[in-house]
Amino acid sequence: MNTGIDRFKQIFQCKIRSRTITKYRSTKTGLTVTHIDTPGPIVKGYFALATEETSHDGLPHTLEHLIFLGSELYPYKGVLDLAANHCLAQGTNAWTAIDHTCYTVETAGSQGFLILLPIYLDHIFFPTLSDEAFKTEVHHINGTGDDAGVVYCEMQARENNAESREEHATQAAVFLNDCGYKWETGGIMENLRTSCSNEKVRDYHKKFYRPENLDIIICGEISIDQVLNSVLSVDDRAAEAKYGPYERPWTGEVKLFETYSTTDVLFPAKDVDNGRVSITWKGPLLSDMKMVEAHSILWNYMISTSAAPL
């Protein structure tokens, strides 16, 4: 009988502050499982995928919302959170960042986590992504003729505030080519109305939501053998799914600005005296940890206390 420990081979292990971090990878699909042996009764799960946007359509954020609306084996909205509650978890959550999308859950004890894990993975790998769910969750015209949809209203609440308009202007000025850092991963209202579609969401899911692009990160006191056995059934189904050639995200060239420039950004405000100043410059490579830390110390000196220069 095939077991998880037979299929998932250990590819990395280290110890940091008495905590052992171990990484396993499926020999069948490339799915990765990372275990961190933190003490305590709470087991935390982070399901992280590298995602990259190529427009202002907000496909990563849109897909994040649709994942929770049902899967092939559990084709109903709310089943995942209901299962989480029965497994001693306070529901589920997720976030969309510029370079990744992460789904989370915390359970009291390992037993509930092991039950919930394959259900959660079924939603991630095999969501229904129905047209009806897209219209309801992303964008539609309601009965009074207004734009509506959970995603649309979420972006409407923040798109035109000072911070968001400043961030969009900075991204456009700093990144010269069409790299993933240039776009709004949540989508902008015009694109959500006109160009974002369920067909694009399905294509995006097929491109990025694949086993070799997912890392299941688990923190807590839990048997890794049981975790890997729990993942086996989903790994088998993922192996049978038809994906195109794998294009690793974030491997393209990033072109940054070369010359000094200034940009004026208008934003709605109740007070005519309300304004902001943002200064952006090229920093060190993340691999240069000493210089990164030096910048952090400098920032703290400049802004962190009431006696700071700025």
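Figure 1. The side chain of R7 meets that of D236 in a salt bridge, 2.7 Å from N to O (a side-chain nitrogen of Lys or Arg within 4 Å of a carboxyl oxygen of Asp or Glu). R7 belongs to helix α1 (residues 4-7) and D236 to helix α10 (residues 224-240), so the pair ties together parts 229 residues apart in sequence; helices (H or I, at least four residues) are DSSP runs numbered from the N terminus. D236 is partly exposed, at a relative accessible area of 27%.

**Figure 2. The salt bridge between E72 and R237.** The closest N and O atoms of E72 and R237 are 3.0 Å apart. E72 lies in the loop between α2 (59-67) and α3 (79-86), whereas R237 is in helix α10, 165 residues apart. E72 counts as exposed at 53% relative accessibility, and R237 as partly exposed at 22%.

**Figure 3. The salt bridge between D122 and R237.** The side chains of D122 and R237 meet at 2.5 Å, N to O. This pair links distant parts of the chain, with D122 in helix α4 (residues 110-125) and R237 in helix α10, 115 residues apart. D122 counts as buried, at 0% relative accessibility.

Figure 4. The structure holds 13 salt bridges.

**Notes.** Residues are numbered from 1 along each chain as its sequence is written, and side-chain values use heavy atoms, leaving out hydrogens and water. Because the model is predicted, local features need pLDDT of at least 70 and side-chain atom pairs count only at pLDDT 80 or more, while totals for chains, interfaces and linings use all residues.

Key:
Helices (H or I, at least four residues) and strands (E, at least two) are DSSP runs, numbered from the N terminus. Buried means under 20% relative accessible area, exposed over 50%, partly exposed in between (1.4 Å probe, protein chains only).
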